[in-house]
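Okay, everyone, have a look at the screen while I talk.

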Protein chains: 4
Amino acid sequence: MLSGAEVAQHKTRSSCWVIINSKAYNVTEYLDRHPGGATILLQYAGQDATAIYEPIHPKGTIERFLEPDKHLGPVDPTTYTPSNPPKSESDQDGEPQDPDLRNIPRLLSLCLSLHDIERAAQKLLSRPAYIYYASAADALGALQNNADDWRKITLRPRVMRNVRRIDTSRTLLGCRVKHPFFIAPAARAGLAHEDGELCLARGAARMGVGYCVSSVASFPHGDISRAFYENNGGKYDALWFQLYVANERAVTLERIAAAKEGGYKALVITVDSPVIGKREDDERYRAEVSAESLASSFSQEPPLSPPTGDGARNDEGDPLPLRGVHSSTFNWDDLGWIREAWQNSGPIALKGIQTAEDAALAVEYGVNAIYLSNHGGRQCDDAPSSIQTLLEIRRFYPWIIEDRKVEIYLDGGVRRGADIVKALCLGATAVSLGRPFMYSVAMGNEGVVRAIQRKCRNV
Amino acid sequence: MLSGAEVAQHKTRSSCWVIINSKAYNVTEYLDRHPGGATILLQYAGQDATAIYEPIHPKGTIERFLEPDKHLGPVDPTTYTPSNPPKSESDQDGEPQDPDLRNIPRLLSLCLSLHDIERAAQKLLSRPAYIYYASAADALGALQNNADDWRKITLRPRVMRNVRRIDTSRTLLGCRVKHPFFIAPAARAGLAHEDGELCLARGAARMGVGYCVSSVASFPHGDISRAFYENNGGKYDALWFQLYVANERAVTLERIAAAKEGGYKALVITVDSPVIGKREDDERYRAEVSAESLASSFSQEPPLSPPTGDGARNDEGDPLPLRGVHSSTFNWDDLGWIREAWQNSGPIALKGIQTAEDAALAVEYGVNAIYLSNHGGRQCDDAPSSIQTLLEIRRFYPWIIEDRKVEIYLDGGVRRGADIVKALCLGATAVSLGRPFMYSVAMGNEGVVRAIQRKCRNV
Amino acid sequence: MLSGAEVAQHKTRSSCWVIINSKAYNVTEYLDRHPGGATILLQYAGQDATAIYEPIHPKGTIERFLEPDKHLGPVDPTTYTPSNPPKSESDQDGEPQDPDLRNIPRLLSLCLSLHDIERAAQKLLSRPAYIYYASAADALGALQNNADDWRKITLRPRVMRNVRRIDTSRTLLGCRVKHPFFIAPAARAGLAHEDGELCLARGAARMGVGYCVSSVASFPHGDISRAFYENNGGKYDALWFQLYVANERAVTLERIAAAKEGGYKALVITVDSPVIGKREDDERYRAEVSAESLASSFSQEPPLSPPTGDGARNDEGDPLPLRGVHSSTFNWDDLGWIREAWQNSGPIALKGIQTAEDAALAVEYGVNAIYLSNHGGRQCDDAPSSIQTLLEIRRFYPWIIEDRKVEIYLDGGVRRGADIVKALCLGATAVSLGRPFMYSVAMGNEGVVRAIQRKCRNV
Amino acid sequence: MLSGAEVAQHKTRSSCWVIINSKAYNVTEYLDRHPGGATILLQYAGQDATAIYEPIHPKGTIERFLEPDKHLGPVDPTTYTPSNPPKSESDQDGEPQDPDLRNIPRLLSLCLSLHDIERAAQKLLSRPAYIYYASAADALGALQNNADDWRKITLRPRVMRNVRRIDTSRTLLGCRVKHPFFIAPAARAGLAHEDGELCLARGAARMGVGYCVSSVASFPHGDISRAFYENNGGKYDALWFQLYVANERAVTLERIAAAKEGGYKALVITVDSPVIGKREDDERYRAEVSAESLASSFSQEPPLSPPTGDGARNDEGDPLPLRGVHSSTFNWDDLGWIREAWQNSGPIALKGIQTAEDAALAVEYGVNAIYLSNHGGRQCDDAPSSIQTLLEIRRFYPWIIEDRKVEIYLDGGVRRGADIVKALCLGATAVSLGRPFMYSVAMGNEGVVRAIQRKCRNV
């Protein structure tokens, strides 16, 4: 059995150990492969990292991705200081905490809109969790478009219509739902609540709302689908799988297999992230944490150079940098082998369409749904909002809407019932919401239920 | 005779009594029928509710709507604590009150515009009253449109015209008025002043201005019309009745009967409220009050579920929720039986037209006036302002203006004389104002007179 | 000789005396004729009003307008308290005054733009003076247009042109000036400085800039023209007379006579003020002062009623209210008798044209210049800016610009040299500035010179 | 050897001496020729001015421009107080300085965008240096256009493209660079760092980025080119010379000679500054400093008059004012003698084109590149942004882009990678950035490298 002191000696780039759940791991060689970057690992080099690791990684991640010979075995828990979870924003202030601030039933009773849910979540979420959910690309142009463009569309209320019987239920990609909106895929609900995606699955199933689970969930996909099907009263089945196409085809195939195995009813392929967006608030938080932790090592910091990658080389023969965990080569022809792997286990949608031209291409390639999205403004600065893309389609490729060969989904800035009405009037089949549901998870199952109720209040 | 202690035992949903004007009432079964919702009743369960009840309900309301067997008889006034009226916003602050702040002649002398009147009223109104008047639907989009759109229209001042003799008097729906604006219907003037609608009736009659009284007045409609006709100097008669078409036809017919009996000269039917808008500020105030009162009961709160309604069922056989007190089935054909009940007692106007198409339909259905309104932005988020609808009519159905078969009214954000001029230039017969007059009521009869003078200053 | 105590007894509407320059006057009957309203007189009833009277009225005003029998003779100056001039905004604060704040050479040296001059003036002007100059009509819509519209026009800089020799001098209405701007007429420069209009005349003459003197100057027009001609070095003569057409033709004729006698070279007739605009800030200041002075009399205040006027009656036989001191009947035909009275003593311009249609009419009526202006935003809410009117003329009546039969002036929001360039490029002959020069007067002759230099810096 | 006391006696306009690097100079006659104006010299009259002089002037400036007989010889350094460099903005506050605030590696590690670099620089730069770099003309209209217009253009992201191999390197005016942006010319990098332009040259050369050096550099142009070529690894050569055409042709010819001698590869002639813009913040700073220094002399200040110039006279025979150090006569024909002097030592570009018409003229005159720029908003208020000019060219002279006879550069407000993408998509060959690199110089060589990395992060 190792001691904390022994581990503490391996705290450099040339020999880096960390403790997770009372076990030590040698991550020296893994540093450059870590999807979250080497810095965060180095920050915990020689120390316990459990509190940081847990909410981000699905169970079994380290066992799966780290070679067995790097598993160094148990560490005596009395010989090291356990890591602390990051503080919440309100803790941060150092002010004495009003316990009412975290009384969840009280918080929920005051949530009259999704904006209220976001504000409530800010009181509950850890600072890095809130920043991770809230951050967006570059100068926040696309995020702003998402928020602004809904206001540019106004409703024209007709009067004196019999509206006694309203039915908002419908069929989305063959699945029955009670409302024309669903939960958009978003990574790492575990940052918000220990039950993470399970809360979303339970809430969606109970309320008859669709849920598209992220590739990058904090729970194994089988657990999430189980939570959904145990709560749907046998009635609702709009549980879909969001697929990131990875750099390594094996990873992608593994994900498709998990989707099939978990009983997911549709495959929603994200097409807008050949590289990961530069989310400055998120990077800033990490830079600040690093600056604090590594304050002493500034002077000997190596010259900045891009991490080298997978052997590809540019015209000058220089090695090409690694571009992130998602595939940078993914293109229309790849739909072939993905379809093959999916074996017609359900419809396929493309998420992240941002131009009318690509919408038309998607139809041509025979997908079942196009999902207009700028990835919550997290990828490309100044990208158009999805409602803008929908207007573009209406204007330049109206047949996409009229022919009804594909269903049309969209997300981005949907916060009010009126936004949903606008999208449906303009041709969308349904809309989806990401961040608001992530925030609602901070208040557990009831938070998710409340968020759904806030969107379908008058029904 | 009951004692306060006895009443106090009935403070739950399963047995709920309240005291009003020294009498106890059993409202247990009435809870779910209460148009203002069950929460407010539960908040005063087992207690005196007089100070809350009085300013909102016309005299005799409880006697009329609560079955006689629920009237439990007098309570000994020495055995319970009377309820306090809600504090005003300035009381709220806890600061020592400058008595000048509430010196009404002084306040009035400083009111140079309707904005000043609103600010003065904020010092006098109770917090819930101000919030009730000021609140609007959802994200306040329609309210904002009302305020903004006037600025988008500018005047083109012609010069060197002899303007020595100006006459603004005219005939509206056959009634003589001195100015091209009238008091718009708005519910519950009793929240602002103990004389409520009577102040409005007196001020309007004295100054020769029209007044359209709300269905939901704090005084019986007969009292209001009496106050009007006693003060009009025999000259002005533009007293109209605003009609909400209720869920139950009997209620509607009763209202029409009251209009005829009270000598109201026109029927102004509101067509824009098949459900009541979600006015978040108002709901938030109530949620906050509830959260305080019911703090202890959070843990045992029942799961949220929509209130069930009148027996209608959806396609799945589930009961349809009650959609509020106004009719959700009201449509063009209903004009038939309303006209019949009204027996040609005067012209009919439709209030709440928000599209040129509906304006044209209204003409086709033979009404005497269309009243463009988005209900002060209280119904539908992002609804167009009425001036926007007027521009739409000018562009797409100009004959509605040119043929002069219907009079055209509008309200929403009118605050300046220049706004009135703009509306008239663009084809309106007259405009109306709601909130400013509700605020003026806080300063009694003289407040109403001042508000009218502020709108016709140079005459 | 009267005593202060005697005068102090006449402090009511039924008997109102005031002391000015140690003489008592009975203004009881004059109250309702006072162009500045009765309230201000009543405020000083029974007291000394010299400090208030002096900066506003040209010398000899009271002698001229008050009947001789109301002149009650000298008051013993030891028997009453002299009135204090109103405090400046900075005095108001009660903070200890930094004497540097009022060091005029220092202030001037820091004035790099006209905005700086305004800020400096705020430190020097009395509160009512600043408010009087700064205030504008109603909701400040027209004032805002004046400020905003310049930004909507951008310059297109051509490069590689020889700009070594630039000459901005030109001839305006036959008068030679060094720069394409002049000082716009504005009332009551005496509020800003004891030498008032004399400072403007001296500065304009020295710097070769035109000056259009207001009808409502604080000095006799002869004194002002003398100050101009004594300082022009025999070179510049653009001294013009702004004419308000008064209710009473005799007053107008008197003004024209003064213009001829004073050697004014052109007559600039204001056409945009048949009634005086509602300048709320100004009215608010007066209402606040009244509220303080008359605090005790609120209870017995008479019911509000419009002041009755000159015998005209409306269709109902009610007397028409007096509409202010300017003529409300002034129209195109009146140009006849005005021309006759002016006897071709120089060109005639119409100031206050706000539409292309009226511009065309002005040309038709043979005036020599049109002066586009919305009166500094002080008359009509939401009036177009003058640059907007110029664009309108370019578009709909381009011949007005092309034919060059009339000169075109404009004012309103001109603050930067670039504004002048924009106006000239679009067809204006020259521009003028009002408020900035009034502010500059607060710093005396040198202030005016500095303001002129700030507008022609690179020459 | 002179003493400080002796020098101190010459502290007036009629006899003005200053000490620089322990030597005294008589600048009395030079006062009016000093390009930076007389005021700054008078401020240090009789005193040491070294700390002010050094960062602004290339070595040897005073030796070169002041006649030898004005060199008064060495001053005993123990007899006068050396001048202090101006404080930084943070020093200014008087607060105790957190040393971390100036820890450059730490600051750099937190710089995630060019905005961060600006903020970091504010902590390091002296107040006048920051103001000098940041200031812009007049009401900042053009500066605002530069910032705003990028937002008006949005990207239309296409998806599912293989983006594995991205190569941003290209050839600009025949020089090889790794990225489609270069360092724009900006004066006086010495204000930011003692190595000034040398930092820019080293950083650009190392990173393979182009650098266009200003005529008005703080180092001799030979030193700068040496720093570039010593660091380029033999691979990159995009080192260009920005040419201000001076009032005196000799100065211009000298500059061209320096460009040739220093091995500069292209001549970039600035065409937008026949007079120097009125940069109010900069002037205000100087006015405030003067007001403090010269406080006592206000009373005897001479009347303001424009400085007289070079003998030219206007139509009235008055001497024309000097219009600044740049030529006011520079026009298209001057390209002849400039080309001749340059002797085809490389391509020629015109910097400061702001209209499509002038872009077309430039092509006609055979230049190799047009460089759209409004001089960082420092010259002409309300000038169009360069991206606006590019759009104008696309619309009205598309052949300029299509024919590819000229390369097209632009600067102004480029802060994000997305801005560069927008410019390239619309037809630009490359963009450049000025202020961000000046700010980066405050952090030395590494600052420049970091700024370059921030602009090419994903490569």
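Predicted model: local features only at pLDDT ≥ 70, side-chain atom pairs only at ≥ 80, totals over all residues.

Residues are numbered from 1 along each chain as its sequence is written, and chains are lettered from A and ligands numbered from 1 in the order in which they are written.

Back to that axis. Two copies of a chain are related by a rotation about an axis and a shift along it. The superposition is by least squares on the C-alpha atoms of residues with pLDDT of at least 70 in both copies. Chain D goes onto chain A with a turn of 90 degrees too, with a shift of 0.0 Å along the axis and an RMSD of 0.1 Å. And in chain D, Lys152(D) has the C-alpha nearest the axis, 11 Å from it.

Now, where do the chains touch? By contact I mean two residues whose C-beta atoms, placed from the backbone, lie within 7 Å. Between chains B and A, 38 residues of chain B meet 25 residues of chain A. On the chain B side, helix H13 (280-293) and strand E13 (348-353) are the elements giving two or more residues, and H13(B) gives the most, with 7 residues. Helices here are DSSP runs of H or I with at least four residues, strands are runs of E with at least two, and both are numbered from the N terminus. Sorted by class, that chain B side has 16 nonpolar, 10 polar and 12 charged residues. For the classes, Ala, Val, Leu, Ile, Met, Phe, Trp, Tyr, Cys and Pro are nonpolar, Asp, Glu, Lys and Arg are charged, and the others, Gly among them, are polar.

Between chains D and A, the contact takes 25 residues from chain D and 38 residues from chain A. Helix H6 (residues 104-109) of chain D gives the most to the chain D side, with 3 residues. That side splits into 9 nonpolar, 6 polar and 10 charged residues.

Okay, inside chain A. Its secondary structure comes to 20 helices and 16 strands. Of its 459 residues, 47% are buried, where buried means 20 or more other C-beta atoms within 10 Å of a residue's own, exposed means 12 or fewer, and partly exposed is in between, with C-beta atoms placed from the backbone.

Take helix H9 of chain A, residues 141-152. How far should its 12 residues span? At 1.5 Å a residue, the answer is 16 Å, and the end C-alpha atoms are 16 Å apart, which agrees. The expected span is 1.5 Å times one less than the number of residues. Among the buried residues of H9(A) are Leu143(A), Asn146(A) and Trp150(A). Their cover includes helix H16 (386-396) and helix H18 (417-425) of chain A, plus helix H9 (141-152) of chain D.

Next, strand E13 of chain A, residues 348-353: 6 of its 6 residues are buried. Strands of a sheet pair through backbone hydrogen bonds, either parallel or antiparallel. For us, two strands pair if DSSP finds at least two bridges between them. E13(A) runs parallel to strand E10 (residues 266-270) of chain A, over 4 bridges, with Ile269(A) opposite Leu350(A). Another 4 bridges join E13(A) in parallel to strand E14 (residues 369-372) of chain A, where Tyr371(A) is the bridge partner of Lys351(A).

For contrast, go to chain C: an open sheet of 4 strands, in the order E1-E2-E3-E4, has antiparallel pairing. Its edge strands, E1 (11-12) and E4 (71-74), each pair on one side only.

Last stop, Gln343(B): is this residue buried or exposed? Exposed, because there are 9 other C-beta atoms within 10 Å. Gln343(B) sits in the loop between helix H14 (335-342) and E13 of chain B.
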